[in-house]
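Dear colleague,

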Amino acid sequence: MSNLKMFCLSMEPNHLKIIKEFNYLPVGLGGKNFSQEWYLDHVGKNISEKNRYYGEYTFHYWLWKNYLDNIAEGWIGFCQYRKFWSVQNENLLPNSLNELKSLVLKRVPDDYEKFDVILGEETSVGKLKTMKFLKRGLKLLVKKPSYVFNLFDKSKRNIKFHFDMWHGSVYLEKAIQLLDDDNRNDFNNFVNTKTSFNPHNMFICKSRE
């Protein structure tokens, strides 16, 4: 018996059949025409109009505000139509749907019970190719030439640098200012000192808190 409710997020209505074959819960994001078989982020209390900016988080907000009381105790997880969870660490490039179905997580192992949250493996900002940063952050480099030093010195590529290059230099700073004092200081220190993060907006948790 599964101890996991896995929400699988997609922007394409034609992914419904595949998601249901995994016994996952289909979540439709974006403006396309999804059937009533999908969970949607634009009913009840929602911020769906911000989906183009915040992606998967508009559904996380909807779940928090509208649906948590409908979920019994157990693990709650989130994946995407192109990114899935697996407890295996090899042979993770399936050649068929059936092979993929044998790899994706269906049940959280019992030895994970001592944890509250499961995150994907960390990704180092320094591993990304310099050309990717140039393509995404060329406008920022023109406005703030000092970022060039971080670009070519991988040891200086912290999380804030990564975010600024991908999304712009003011947004993260403005968001941090909205936090309370303790969280503001901790998070500000985190993004300015850490050089790796857990990607893809994917996590599994067992606490509604």
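Arg184 forms a salt bridge with Asp181, the closest N and O atoms being 2.8 Å apart, where a salt bridge is a side-chain nitrogen of Lys or Arg within 4 Å of a carboxyl oxygen of Asp or Glu. Please bear in mind that this is a predicted model, in which local features need pLDDT of at least 70 and side-chain atom pairs count only at pLDDT 80 or more, whereas totals for chains, interfaces and linings use all residues. Residues are numbered from 1 along each chain as its sequence is written, and side-chain values use heavy atoms, with hydrogens and water left out.

Arg184 and Asp181 both lie in helix H9 (residues 181-193), 3 residues apart, about one turn of the helix; helices (H or I, at least four residues) and strands (E, at least two) are DSSP runs, numbered from the N terminus. By the rule above, the count comes to 9 salt bridges. Another of them joins Lys17 to Glu21, with the closest N and O atoms 2.5 Å apart, and both residues lie in helix H1, 4 residues apart. Lys17 and Glu21 are also linked with Lys101 in a network of salt bridges. Lys17 counts as exposed because its relative accessibility is 60%, while Glu21, at 26%, counts as partly exposed (buried means under 20% relative accessible area, exposed over 50%, partly exposed in between, with a 1.4 Å probe and protein chains only).

The side chains of Glu113 and Lys206 meet in a salt bridge as well (3.5 Å, N to O). Glu113 lies in the loop between helix H4 (97-103) and strand S5 (117-119) and Lys206 in the segment after S8, so this pair ties together parts that are 93 residues apart in sequence.

In helix H3 (residues 57-66), Thr58, Phe59, His60, Trp62 and Leu63 are buried.
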